[in-house]
Amino acid sequence: MRRKGWIQFGTLCWSIYVAGWNDGTVGPLLPRLQEVYHVGYAVVSLIFIVNTLGFLTGASSYMYLTDRFGFGVVPASVMGMIGFALEASAPPFPVYVIGFLFSGFGMSFLDAGSNAFVASLSENTSNKMGIMHALYGVGAMCAPLVSTQFARFPRWSFVYLVHIGLTFVNAVLEMLAFRFKSQEDCLQEIGQPPPEKTKESEAGVNKYKQVFRLRAVHLMAFFIFTYVGVEVTIGGWIVTYVINERHGGPNSGYTSSGFFGGLTVGRVALLWLNKKIGEWRVIFLYILICLGLELVVWLVPDLLSGAICVSFVGFFLGPIFPIVMNHAGNVLPPELISGAIGWIASFGSAGAAVFPFITGAIASRTSIASLQPLLIAMMALLLVIWAFVPRTREATK
């Protein structure tokens with residue numbers, strides 16, 4: 001059982017690595033996309049919006065599809081590969097954008113499934129969540145190193161062939177590890193009993209209705225909406241900011257890798273501090289530190305100090321997502337965790353589109369210098385939302 005459990009966890013780590021790789025690719029490609037397709041900030045930001053439509057479609061249907069076709073639905077990975085194939089062909093811009101609809105759908109299952117499964121574990125949940133999301137950071141850190149190089153090549157779009165290979169390996173691993181069984185069956189294989197049913201489930205109430213009635217779900221969804229918006233806005237636009245506002249050279253893409261590298265290290269290195277201060281309280285500390293660092297990036301016009309501060313923003317921002325996923329597992333009814341985390345993750349994807357798009361729209365009217373004050377406002381909003389998130393499990397009817 002123990003060996004089976006580690007195989008499952010290793011597969012989930014690979015899934016979240018692929019999701020991180022996908023999210024970390026876009027930033028260094030944005031200047032090249034603007035050059036190749038002759039589009040401005042606002043138009044190129046459409047890729048974030050369409051990606052979210054795909055992600056929302058996938059995440060909102062996650063609970064329905066996995067209940068019927070088993071955990072780790074392989075067709076979702078196939079949808080992702082279709083999207084990457086469209087993007088790899090460097091088609092006209094509208095077709096290129098449509099590719100993100102398919103890839104967003106596929107990536108939503110990797111994100112929601114990995115988080116829901118680990119949040120449902122009864123042993124070492126917080127450590128496993130931190131380690132798994134550190135692997136997300138590794139993927140998001142490695143991807144800009146590769147996409148920065150591809151952005152210089154005539155065949156820049158071939159970077160998506162790497163995505164196809166990674167997603168194909170993920171599909172094979174999921175088939176071998178989970179064999180189209182439900183999440184409950186997979187957990188029982190490693191000796192964990194099925195979650196206790198809520199009274200509403202016993203009365204025949206639909207799971208979706210139960211999830212949407214929980215106040216904690218909507219608060220955490222709004223928090224993750226803003227948090228992922230901050231994360232993706234930094235990862236997606238910081239390269240453009242460094243080039244235009246700090247006069248960075250062609251290696252500016254590595255600033256994005258520094259951010260995601262900090263994200264990776266922070267998710268493991270700060271596990272002890274999370275436990276010492278308490279996961280609910282430590283989030284306030286991390287956000288306040290990030291606010292201070294963003295002020296330095298904004299007000300100190302120095303390329304090196306800005307790049308270092310961006311890496312430390314990633315370091316302190318990184319632990320927040322796994323903490324929230326773990327907190328969701330602690331405060332939500334066990335039977336509803338999968339559906340609830342799928343919904344929360346879908347809101348995260350919406351933030352990953354809305355805020356980068358807003359940044360691009362504002363930058364097209366002013367300049368990319370607007371990035372920093374926007375990030376500071378978003379981080380301040382995170383503080384307010386988290387203050388209302390409950391610390392303990394809500395009673396179910």
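Predicted model: local features only at pLDDT ≥ 70, side-chain atom pairs only at ≥ 80, totals over all residues.
Let's start with the overall fold. The chain holds 18 helices and zero strands. Its radius of gyration is 20 Å, close to the 21 Å that the globule rule gives for 397 residues, so the chain is as compact as a globular protein of that length. Along the principal axes, the C-alpha atoms fill a box of roughly 60 × 45 × 35 Å. Of the 397 residues, 60% are buried.

Now zoom in on a pair of helices. Two packed helices are described by the angle between their axes and the distance between those axes. For helix α5 (residues 93–119) and helix α7 (residues 159–178), the axes come within 13 Å and cross at roughly 35°. The crossing of α5 past α7 is left-handed. On the α5 side you will find Y96, F100, M107, L110 and F117, which meet Y160, T167, N170, E174 and F178 of α7. By type, the residues of this contact are seven nonpolar, two polar and one charged.

Finally, have a look at the cysteines. The count of disulfides, taken as sulfur pairs within 2.5 Å, is zero. C186 is in no disulfide, and its nearest cysteine sulfur, that of C13, is 16 Å away. With a relative accessibility of 0%, C186 counts as buried. For C290, the closest cysteine sulfur belongs to C309 and lies 11 Å away, too far for a bond. C290 is buried too, with a relative accessible area of 0%.

Methods. Residues numbered from 1 in each chain as written. Heavy atoms only, no water. Axes fitted to C-alpha atoms, helices over the stretch in contact; angles between N-to-C directions. Helix = DSSP H or I, 4+ residues; strand = E, 2+ residues; numbered from the N terminus. Left-handed = near helix turned anticlockwise from the far one by under 90°. Contact = heavy atoms within 4.5 Å. Nonpolar A, V, L, I, M, F, W, Y, C, P; charged D, E, K, R; others polar. Buried < 20%, exposed > 50% of the residue type's maximum accessible area, 1.4 Å probe, protein only. Rg over C-alpha atoms; globule rule 2.2 N^0.38 Å.
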